[in-house]
Amino acid sequence: MHLTAMNTYTPSARDIIGSSPLIAIENEEPAKLIVDPPLPEPLTQGRVFIQYRTENLRVLPVFGKAALEVSPRIGHIHITVDDLPWHFVDTSGETLILVGLEPGPHKVLIELADPTHKVITSETVMFTLPNPER
């Protein structure tokens, strides 16, 4: 904890971003996925921006069985739109952006997966795209 001259609390880097990714963590807590609803402004324009974050897992483009031994834990995101029989993978850790969907109700399944594509946890986001403004 760092105190300034006025005795107000300034959060440390560790307070905000957690443990250093350079040091192995023993007995890691379970990985968590936190997904926000789509941002309202882009949604009115037919674009879907979904922000998410993870806890106890870093999203990185690293795959394969050997990556299961990495600590702190790593993984990636699977995204399935409207129950389609396929999904795409995201390793950026950034806001998901979907464009080209028809107006109407939609569902996006966001899965947190380990480096071998085994799903750890998931969240579903449901929303309705409005008809284009004229």
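## Close-up views of a predicted model

Asp82 is partly exposed, with a relative accessible area of 31%. The model shown in these views is a predicted one, and this residue makes a handy starting point for our tour.

**View 1. Asp82 and the turn between β7 and β8.** Asp82 sits in the loop between β7 and β8. Its phi is positive, about 50°, although Asp82 is not a glycine. The two strands around this turn form a hairpin, with six residues between them. Strands β7 and β8 run antiparallel and are joined by three bridges. To find one of the paired positions, look for His78, whose bridge partner in β8 is Val89.

View 2. Is His87 buried, partly exposed or exposed? With a relative accessible area of 38%, His87 is partly exposed. Leaving aside residues up to four places away in sequence, His87 touches His78, Ile79 and Thr80. His87 and Ile110 are 23 residues apart in sequence, and their C-alpha atoms are 9.5 Å apart in space.

**View 3. Strand β7 and its partners.** How many of the eight residues of β7 are buried? Eight of its eight residues are, so this strand is mostly covered, with under 20% relative accessible area as the limit for buried. β7 pairs with β10 in the antiparallel sense, over six bridges. Within that pairing, Val81 has Val108 of β10 as its bridge partner. Strand β6 (residues 58–59) pairs with β7 too, here in the parallel sense and over two bridges. In that pairing, Val59 has Gly75 of β7 as its bridge partner.

**View 4. A salt bridge between Asp83 and Lys107.** Side chains of opposite charge can pair when their charged atoms come close. Here the side chains of Asp83 and Lys107 meet in a salt bridge, at 3.0 Å from N to O. Asp83 lies in the loop between β7 (74–81) and β8 (88–90), while Lys107 is in strand β10 (residues 104–113), so the pair ties together parts that are 24 residues apart in sequence. Asp83 counts as exposed, at 58% relative accessibility. Lys107 counts as partly exposed, at 28%.

**View 5. A network of Lys32, Arg53 and Glu55.** These three residues are linked in a network of salt bridges. Glu55 and Lys32 meet through their side chains at 3.8 Å, N to O. This pair links distant parts of the chain, with Glu55 in strand β5 (residues 52–55) and Lys32 in strand β3 (residues 32–35), 23 residues apart. Arg53 and Glu55 form a salt bridge as well, at 2.8 Å from N to O. Lys32 is partly exposed at 44%, and Arg53 is partly exposed at 44%. The count for the model comes to three salt bridges.

View 6. Glu111 lies in strand β10.

**View 7. The largest nonpolar core.** In soluble globular proteins, nonpolar side chains tend to be buried together. The largest nonpolar core here has 20 residues, and Ile50, Val108 and Ile110 touch the most other members. The elements that give two or more residues to this core are β3, β4 (48–50), β7, β9 (96–98), β10 and β11 (119–129). Take a look at Ile50: its contacts include Val35, Leu96, Val108, Ile110 and Val125, with residues up to four places away in sequence left out.

**View 8. Two backbone details in loops.** Which kind of peptide bond joins Ser71 and Pro72? The bond is cis, with omega about -5°. Pro72 is placed in the loop between β6 and β7. Asn56, in the loop between β5 and β6, has a positive phi near 65° and is a residue other than glycine. At 34% relative accessibility, Asn56 counts as partly exposed.

Terms used:
Residues are numbered from 1 along each chain as its sequence is written. This is a predicted model: local features need pLDDT of at least 70, side-chain atom pairs count only at pLDDT 80 or more; totals for chains, interfaces and linings use all residues. Side-chain values use heavy atoms; hydrogens and water are left out. A salt bridge is a side-chain nitrogen of Lys or Arg within 4 Å of a carboxyl oxygen of Asp or Glu. Helices (H or I, at least four residues) and strands (E, at least two) are DSSP runs, numbered from the N terminus. Buried means under 20% relative accessible area, exposed over 50%, partly exposed in between (1.4 Å probe, protein chains only). Contact means heavy atoms within 4.5 Å. Two strands pair if DSSP finds at least two bridges between them. A nonpolar core is a set of buried Ala, Val, Leu, Ile, Met, Phe, Trp, Tyr and Cys residues joined through side-chain atoms within 4.5 Å.
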